[in-house]
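Here are some notes to read beside the model. They go point by point, from single residues to the whole chain and back.

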Amino acid sequence: MQPTPDQIPVVHLKGEIDLHTCGAFRDTLRDLIESKRYNIVINLADVPYLDSAALGVLVDAVRRVREHDGSISLVATTPFVRRAFEITRLVKIFHLFDDEAAALAEIRTDKVVAE
């Protein structure tokens, strides 16, 4: 996890995210939310596959950050990962971006409007 200068956390994931590997991912998101980081960017450029357990972790996290008017932005999804979000209709609750700069710009714009 790498925060930006304005303290927006960017989580870079690598490899397959499934039932066996999503525990650390869940813990990272939980720690961020507990430390009041409610706008999170997750970079999925190096994730070729994720399963329903990983989607469940993301859905739980987005529910928790939305309780605080936050969001989770997903960046650089591979075609397979993007398709998983489309098939499950999770594209309706997640912001999908082609790059981190676009995701961070939207979060910064939303924060300025909210303040």
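Does Ile17 count as buried or exposed?

1. Ile17 counts as buried, because its relative accessibility is 6%, under the 20% cut-off. Keep in mind that this is a predicted model. Ile17 sits in the loop between β2 and α1. Setting aside residues within four places in sequence, Ile17 is in contact with Cys22, Phe25, Val47, Tyr49, Leu50, Asp51 and Ala54. Take Ala54 from that list. Ile17 and Ala54 are 37 residues apart in sequence, yet their C-alpha atoms are 6.0 Å apart in space.

2. Now the overall layout. The chain has 4 helices and 5 strands. Read from the N terminus, the order of elements is β-β-α-β-α-β-α-β-α. The radius of gyration is 13 Å, close to the 13 Å that the globule rule gives for 115 residues, so the chain is as compact as a globular protein of that length. The C-alpha trace spans about 35 × 25 × 25 Å along its principal axes.

3. Next, burial and contacts over the chain. Of the 115 residues, 42% are buried. Take the contacts between residues at least 6 apart in sequence: 73% of them join residues at least 24 apart.

4. Look at the pair α1 and α2. Two packed helices are described by the angle between their axes and the distance between the axes. Helix α1 covers residues 22-34 and helix α2 covers residues 52-66. They pack at an angle of about 5°, with axes 10 Å apart. An angle under 35 degrees counts as roughly parallel, and α1 and α2 are therefore roughly parallel to each other. From α1, the contact uses Cys22, Phe25, Arg26, Leu29, Arg30, Ile33 and Glu34. From α2, it uses Ala53, Ala54, Val57, Leu58, Ala61, Arg64 and Val65. By class, this contact of α1 with α2 has 10 nonpolar residues, 4 charged ones and no polar ones.

5. Which residues of the largest nonpolar core touch the most other members? They are Ile40, Ile42, Ile72 and Phe85, out of 29 residues in that core. The elements giving two or more residues to this core are β2 (9-14), α1, β3 (39-46), α2, β4 and α3 (79-87). Helix α2 supplies the largest share, 8 residues. In soluble globular proteins, nonpolar side chains tend to be buried together.

6. Neighbours within four places in sequence aside, Ile40 is in contact with Pro9, Val11, Leu29, Leu32, Ile33, Val65, Ser71, Ile72 and Ser73. There is also a second, separate core of 8 residues. Val10, Val41, Phe97 and Leu104 are among its members.

7. Ser73 deserves a stop. It lies in strand β4, residues 71-75. How accessible is Ser73, and what does it count as? Its relative accessibility is 1%, so Ser73 counts as buried. Apart from residues within four places in sequence, Ser73 is in contact with Ile40, Val41, Ile42, His95, Phe97, Ala103 and Ile107. Of these contacts, Ile40 and Ile42 belong to the largest nonpolar core, while Val41 and Phe97 belong to the second one.

8. Pro48 is another loop residue to check. Its loop runs between β3 and α2. Pro48 counts as partly exposed, because its relative accessibility is 46%. Which residues does Pro48 touch, not counting those up to four places away in sequence? They are Gly15, Glu16, Thr78, Phe80 and Val81. Pro48 and Glu16 are 32 residues apart along the chain, and their C-alpha atoms are separated by 6.0 Å.

9. Finally, the backbone. Most residues other than glycine have a negative phi. Lys36 is not a glycine, yet has a positive phi of about 65°. Lys36 is placed in the loop between α1 and β3. At 59% relative accessibility, Lys36 counts as exposed. Ala76 also has a positive phi, about 55°, although it is not a glycine. Its loop lies between β4 and α3. Ala76 is partly exposed, with a relative accessible area of 22%.

Definitions and conventions: Residues numbered from 1 in each chain as written. Predicted model: local features only at pLDDT ≥ 70, side-chain atom pairs only at ≥ 80, totals over all residues. Heavy atoms only, no water. Buried < 20%, exposed > 50% of the residue type's maximum accessible area, 1.4 Å probe, protein only. Contact = heavy atoms within 4.5 Å. Axes fitted to C-alpha atoms, helices over the stretch in contact; angles between N-to-C directions. Parallel < 35°, antiparallel > 145°, perpendicular 65-115°, else oblique. Nonpolar A, V, L, I, M, F, W, Y, C, P; charged D, E, K, R; others polar. Core = buried A, V, L, I, M, F, W, Y, C linked by side-chain atoms within 4.5 Å. Rg over C-alpha atoms; globule rule 2.2 N^0.38 Å.
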